[in-house]
Amino acid sequence: MSGQHTTELVVFVALFLVVSGMGFVAAKWRRPKDIESLHEWGLGGRNFGTWITWFLVGGDLYTAYTFVAVPALVFGAGALGFYALPYTVVVYPLVFLVLARMWSVSHVHGFVTPADFVRARFGSPTLALVIAITGIVATMPYIALQLVGIEAVLKAMGITGHLPIIIAFAILAAYTYQSGLRAPALIAFVKDTLIYIVILAAVIYIPAKLGGWGSIFDAAAEKFAKTPAPGDGILLNANNQLQYITLAFGSALALFLYPHSLTGVLASKNRNVIKRNMSALPAYSFLLGLIALLGFMAIAAGVKPIVNPETGKGDNNTVVPVLFDQMFPDWFTGVAYAAIGIGALVPAAIMSIAAANLFTRNIYREYLNKQATDAQEAKVSKLVSLVVKVGAVLCILLLDPQFSIDLQLIGGVVILQTLPSVALGLYTRWFHKGGLIAGWATGLAAGMWMLYLIPNPANGKLHFGGSAFPLANFGFDTKATLYAGVIALTVNLVVAALATLIFRAAKVADGEDATSRGDYFADEGDPKVKDLDLSGAH
Amino acid sequence: MPGNDRDRSPWYWLLLVPIAVPLMTFLFNAAEPTLLGFPLFYWLQLAFIILGVATTTLVYRMTR
């Protein structure tokens, strides 16, 4: 460790410790009579108002990895990386009505996970198990990637080795165990405030030092014009426009299928909190758009990514930390690094809670202990949340970080395959439970096959090199590409529909629907909602 | 029962606008005109956030 980063390190560690303290104190915040149930530990009492939900869901969706990876993508590929902006603009009107329905039916029936809903709606523990496992598999690499975010910052401070990451995650695991969802909810206030301060400072201060926005874009255009790669540039070209559209739209469809996104939504106290947040959360999208442009600022500032000693290649994930280091005074760089580091803790906590809840509700209670009490459920979830974090740390210690990035890419395609059961299920009971399972399996297989075929010439990988599937593989005479997730989802839907018709014709028994139409519109104060909420669901 | 038809308001169709417009690349895939040094591609897509917020806010207020 060199001495030149001492100030940064002191500020970083101090802020990290403050936040860790808050994580432990959070158990006493809005203190429940008894935290030993999933409604309390796993969903913070299901009583968060508009502001807390805004910080919590914002802190959850816009992760440290996003802050590091999106500008890294813009740095490397230009306009295509900006897809993150339309993605997070489109998502809120898209889910405006869907999430309100999910909230209502979940509060009437005491659902904690999306798989709980699927089980009741389609009367199928098997389909629920499939949805739960899909959710856990898609979430695990996402947690590991939060560690990649912290590591990028540590590398920029000249710290190598895995010990700091292990310590950070041990602290995180301890306060999540104790405080449940209350911990990330409280920490999110600090995380988001720091991020807003850092980014607003960055977009005012850095362009001023680099000669204005015009010269930043000029520098980027100049860089991309010199590279041989055909897909980059500060504008889209004929071949990647469809990719841009389908990637933005497909990612928007996937976002709220992730169990951790729904955790934040289900923790809110009524439907209006959700709807108001659909108008308020785009404030983070604005921030994300500006963060993406840090990639161009890094180009204009002549940032060289830190070389990974194992591969001998530059790690683009380090461009934002290096940019901050070059531009800001040391103490503020420390604040910026802390913002990214703490930014990793909030989503990692919520994701591990969401994965733990899936295990508890849809595997433990369904198959291992049908008579589980609220306290037993909370106990199991707390323990599983620890296991999940150990798993994430092991992913980083034992595997190439590139593997986690690949898994995350796969995760988006995987979680999309739950859309027919979870999202369409909120609107229609038309699909047969067997049809949904058949669609899920075929969509998943198709998605894996496509991702396997995609190479990445930039780093010499032959498989799982990206999510842009060339239409030429289907025999079309074009260089255009589409987001593989959207194609896989289409396959899923077609198979689910056909299989439903076949199962109906063959008179294969379907599951019972335990929900009724009114459940999807119930709101706070409705007797159905109140009752179950206070007593806890059984 | 007011609860049973809450999704049926015609106002909800408005939500399609901020879903469709940000995905129409031909609207913004150009450098000119620039605004404060930002090419059209960047400033117009940032402006679509305002479109999204205005639409969801309007729909929320009209259907409350």
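Tutor: One definition before we start: two residues are in contact if their C-beta atoms, placed from the backbone, lie within 7 Å. Also, this is a predicted model.
Student: Okay. Which residues of helix 1 of chain A meet helix 9 of chain A?
Tutor: From helix 1 of chain A, they are A:Val19, A:Met22 and A:Gly23. Across from them, helix 9 of chain A brings A:Ala183, A:Leu186, A:Ile187 and A:Val190.
Student: How many of those are nonpolar, polar or charged?
Tutor: Six residues in this contact are nonpolar, one is polar and none is charged.
Student: And at what angle do the axes of the two helices cross?
Tutor: Roughly 145 degrees. The axes of helix 1 (residues 6–25) and helix 9 (residues 182–210) of chain A come within 8 Å.
Student: Is that crossing left-handed or right-handed?
Tutor: Helix 1 of chain A passes helix 9 of chain A in a right-handed crossing.
Student: Switching to chain B. How many helices and strands does chain B have?
Tutor: Two helices and zero strands.
Student: Is chain B a compact globule or more spread out?
Tutor: More spread out. The globule rule gives 11 Å for 64 residues, but the radius of gyration of chain B is 16 Å, well over that, so chain B is more spread out than a compact globule. Along the principal axes, its C-alpha atoms fill a box of roughly 55 × 20 × 10 Å.
Student: What share of chain B is buried?
Tutor: Buried residues make up 27% of the 64 residues in chain B.
Student: How many residues of chain B are in contact with chain A?
Tutor: 29 residues of chain B, and they contact 35 residues of chain A.
Student: Which element of chain B gives the largest share of that side?
Tutor: Helix 2 of chain B, with eleven residues. Helix 1 (16–20) and helix 2 (40–63) of chain B are the elements that give two or more residues each.
Student: And the classes on that side?
Tutor: The side of chain B that touches chain A has 17 nonpolar, ten polar and two charged residues.
Student: Last topic. Which residues of chain B does UniProt annotate as "transmembrane region"?
Tutor: The unreviewed UniProt entry puts that annotation on residues 12–28 and 40–60 of chain B.
Student: What do those spans look like in the model?
Tutor: Residues 12–28 of chain B are 29% helix and 0% strand, with end C-alpha atoms 26 Å apart. Residues 40–60 of chain B are 100% helix and 0% strand, and their end C-alpha atoms lie 30 Å apart.

Key
Residues numbered from 1 in each chain as written. Chains lettered and ligands numbered in written order. Predicted model: local features only at pLDDT ≥ 70, side-chain atom pairs only at ≥ 80, totals over all residues. Axes fitted to C-alpha atoms, helices over the stretch in contact; angles between N-to-C directions. Helix = DSSP H or I, 4+ residues; strand = E, 2+ residues; numbered from the N terminus. Left-handed = near helix turned anticlockwise from the far one by under 90°. Nonpolar A, V, L, I, M, F, W, Y, C, P; charged D, E, K, R; others polar. UniProt positions renumbered as here; feature names shortened; annotations may be inferred. Rg over C-alpha atoms; globule rule 2.2 N^0.38 Å. Buried ≥ 20, exposed ≤ 12 C-beta atoms within 10 Å, placed from the backbone.
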